[in-house]
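The questions below go through one protein model, pocket by pocket and core by core. Each answer ends on the value or name asked for.

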Amino acid sequence: METKHIARKRVRLIAAALALSATAALTWNANAAGYPDRPISLIVPFSPGGGTDISARLLAVALGEKFASSVVVDNRPGAGGQIAADLVARSPADGYTLLFANSGMLAINPWIYKLHSDPATAFAPVSLFSDLPFVLVVPATLPAKNVKDLVALARSQPGKHTYASSGTGGAPHLSAEIFQQATGTDLMHVPYKGGGPAMTDLMAGRVDMLFASVLETMPYVNGGKLRALAVTGATRSPAMPDVPTIDEAGVKNAQSGSWTAVLAPAGTPPAVIDKLSQAIREIAADPAMKTKLESQGALAHGSTPGQLQALAASERERYGHIIKSRNIQTNN
């Protein structure tokens, strides 16, 4: 009798658990149906005016129009993006606080910083939003008309020629490391505190090359102060259609650059994640949004949560190999 009593009790417990799961699923779906019913905060890890911030503001406006709700951009710069990341990781998992991250935060920072929030576990992926290829530029006075010339020049005097970056461990720095590895060149790294000082010294001829965003370099290339040799994406940039890709320029396995994506705190209901992801994919596919992003040197690129998760994992592995093999370290 006792055994039958235990069995009946177990059945009741299982039934109660199943009912609770069903209720939770219905609640999630109901939340998604009414979501959002108040403003959404889109946390941007960088200062206003940069490429990541511009992309975030374009998305915020479009997302607000699609949801008929306010989407407020909140800039929280500092610590390589980790101030913003920690803020979002600690926020309620309800879809009302989102992180507009870039690839460096998800794929590079885990290898070079001591993080409070592990990007692989602290967030739920929502969708990619844009690709931000870099362009390899040199001073107009440098005797290298193309990538082949630049590689020959670098190989002729190993360790002499220099490349600037906006800071050690950033995506532009890693792009130059990938370039060196792919071309067998030995270049000297000159890190700066930001892209502005690096660009100034490049135009003055105090450094020999730089990987930077299309948006940053375009005015100087068009003005004849810099020469664009290659873009680092898989396809040519619509903003610089005459500049070959790094692959077309003869350097294989050297694609690089940055991308932006939206993340939510881990534990955000899947139905809310799916609603957000679907909306962002539709926005990224809109021809008007594609044109706006292209004018900023970016390419619209939405994704499913699973696709974003797979890309982030793959990029973490790739950059981890580069960072370890090149012994890249920071003081942080």
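Q: Which element gives the largest share of the lining of the second largest pocket?
A: This is a predicted model, in which local features need pLDDT of at least 70, side-chain atom pairs count only at pLDDT 80 or more, and totals for chains, interfaces and linings use all residues. Residues are numbered from 1 along each chain as its sequence is written, and side-chain values use heavy atoms, with hydrogens and water left out. Elements are DSSP runs numbered from the N terminus, helices (H or I) having at least four residues and strands (E) at least two. With four residues, the largest share of this lining comes from α11.

Q: What volume does the second largest pocket have?
A: On a 1 Å grid over the protein atoms alone, a pocket is an open set of points with protein on both sides within 12 Å along at least five of seven lines, whereas a cavity is a set where a 1.4 Å probe fits but cannot get out; lining residues have an atom within 4 Å of a point. Points are joined across faces, edges and corners, and a volume is the space filled by probe spheres set on them. For the second largest pocket this space is about 380 Å³.

Q: Which residues lining the second largest pocket are the closest to its centre?
A: The lining has 18 residues, and β4 (123-132), β10 (258-265) and α11 (305-325) each give two or more of them. By class there are seven nonpolar, eight polar and three charged residues, where Ala, Val, Leu, Ile, Met, Phe, Trp, Tyr, Cys and Pro count as nonpolar, Asp, Glu, Lys and Arg as charged, and the others, Gly among them, as polar. The closest to the centre are Asp-131, Gly-233, Ala-234, Gln-255 and Ser-256.

Q: How many residues line the largest pocket?
A: The volume of the largest pocket is about 1200 Å³. Phe-46, Asn-102, Ser-166, Gly-170 and Pro-172 lie nearest its centre, and α2 (51-67), α4 (103-112), α6 (171-183), β8 (209-213) and α8 (214-222) each give two or more residues to the lining. The classes are 18 nonpolar, 27 polar and three charged. The lining comes to 48 residues.

Q: Is Ser-55 buried or exposed?
A: Ser-55 lies in helix α2 and touches Phe-100, Phe-129, Ser-130 and Leu-293, not counting residues up to four places away in sequence; contact means heavy atoms within 4.5 Å. Buried means under 20% relative accessible area, exposed over 50%, and partly exposed in between, with a 1.4 Å probe and protein chains only. Because its relative accessibility is 2%, Ser-55 counts as buried.

Q: Which element gives the largest share of the lining of the second largest cavity?
A: The volume of this cavity is about 40 Å³. Among the residues lining the second largest cavity are Leu-150, Ala-154, His-161 and Leu-187. Ala-154, in helix α5 (residues 147-156), is in contact with His-161, Thr-185 and Leu-187, leaving aside neighbours within four places in sequence. The largest share, three residues, comes from α5.
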